[in-house]
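I opened the model and kept notes as I went. The entries follow the order in which I looked things up.

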Amino acid sequence: MIILGVDPGSRATGYGLVTTDDGDEQFVAADTIRLGATDDHPDRLKQIYDALVDVIDAHGPDSFSIEMPVYGQNPQSMLKLGRAQAAAMMAALNRDLPVSQYTPKEIKKSVTGNGNASKKQVQFMIDSILKTEGADLSHDAADALATALCHANRDAHDDSPSYTGWASFVDANPDRVSD
């Protein structure tokens with residue numbers, strides 16, 4: 001399975017692709033879509049959309065994962081970030097890709113084990129897990145790869161059973177409990 005991860009931004013949008021096969025993740029590609037500071041915001045949204053459509057058409061991912069904007073100090077910045085996320089999601093939806101959204105804490109925890117990890121820690125783990133040391137990734141591209149890995153980890157555990165407590169675990173696993 002090929003997963004496209006996106007870290008949306010109104011000035012820079014990172015994307016990263018990984019393949020997964022029974023828990024074995026491999027680096028495919030990653031880059032940053034740099035948007036001109038002087039470009040009109042609607043023009044930047046179109047650039048995000050067009051660039052991600054090109055990435056989707058070139059690599060044929062099976063699923064799309066994106067980081068959700070969840071907080072910010074400036075309402076105008078959050079609005080622009082939400083629009084960038086929407087432009088990216090529309091590129092995926094118009095190519096019939098299922099879209100999954102993850103919070104920054106979910107992504108960081110999935111990759112580093114710490115939901116409050118720094119960008120440097122995330123980038124270190126991406127380099128370590130995907131062997132991307134020579135790829136010279138921007139923080140945006142590394143965050144996008146982390147988003148893809150978060151989805152791969154979540155997808156790998158979707159079929160695992162969930163229990164409401166010890167009693168339900170014991171009922172479902174009598175062979176794993178001894179007297």
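**Sheet**

I began with Gly5, which stands opposite Ser65 in E4. This is a predicted model, so I kept its limits in view: local features need pLDDT of at least 70, side-chain atom pairs count only at pLDDT 80 or more, and totals for chains, interfaces and linings use all residues. Residues are numbered from 1 along each chain as its sequence is written, and side-chain values use heavy atoms, with hydrogens and water left out.

Helices (H or I, at least four residues) and strands (E, at least two) are DSSP runs, numbered from the N terminus. Two strands pair if DSSP finds at least two bridges between them. E1 and E4 run parallel and are joined by four bridges.

I then traced the sheet. It is open, has five strands in the order E3-E2-E1-E4-E5, and shows mixed pairing. E3 and E5 (99-102) stand at the edges with a single partner strand each, so one side of each has no neighbour in the sheet. The twist averages 20° from one strand to the next; for angles, axes are lines fitted to C-alpha atoms, for helices over the stretch in contact, and values run from 0 to 180 degrees between N-to-C directions.

**Hairpin**

I looked up the E2 and E3 pairing. E2 and E3 (residues 24-34) are antiparallel over ten bridges. Thr13 has Ile33 as its bridge partner in E3. The two strands form a hairpin with two residues between them, and Asp22 in the turn has a positive phi of about 50°.

**Ser10**

Is Ser10 buried or exposed? Ser10 is buried, because its relative accessible area is 16% and the cut-off for buried is under 20% (exposed is over 50%, partly exposed in between; 1.4 Å probe, protein chains only). Ser10 sits in the loop between E1 (2-7) and E2 (12-21). Not counting residues up to four places away in sequence, Ser10 touches Leu35, His41, Arg44, Lys80 and Ala84; contact means heavy atoms within 4.5 Å.

**Helices and cores**

H2 lies across E1, E4 and E5, at about 175° to E4.

I listed the nonpolar cores next. A nonpolar core is a set of buried Ala, Val, Leu, Ile, Met, Phe, Trp, Tyr and Cys residues joined through side-chain atoms within 4.5 Å. The largest has 22 residues, and those with the most contacts inside it are Leu4, Val6, Tyr15, Ile48, Leu52, Phe64 and Ala88. E1, E2, E3, H1 (41-59), E4 (63-67) and H2 (75-93) are the elements giving two or more residues to this core. A second, separate core has 17 residues, including Ala117, Leu130, Ala141 and Cys150.

Leaving aside neighbours within four places in sequence, its contacts include Leu4, Val6, Ala88 and Pro98.

**Lys109**

Lys109 is in H3 (residues 104-112). Lys109 is exposed, with a relative accessible area of 55%. Beyond its neighbours within four places in sequence, Lys109 contacts Asn114 and Gly115. Its C-alpha atom is separated by 9.9 Å from that of Ala146, 37 residues apart along the chain.
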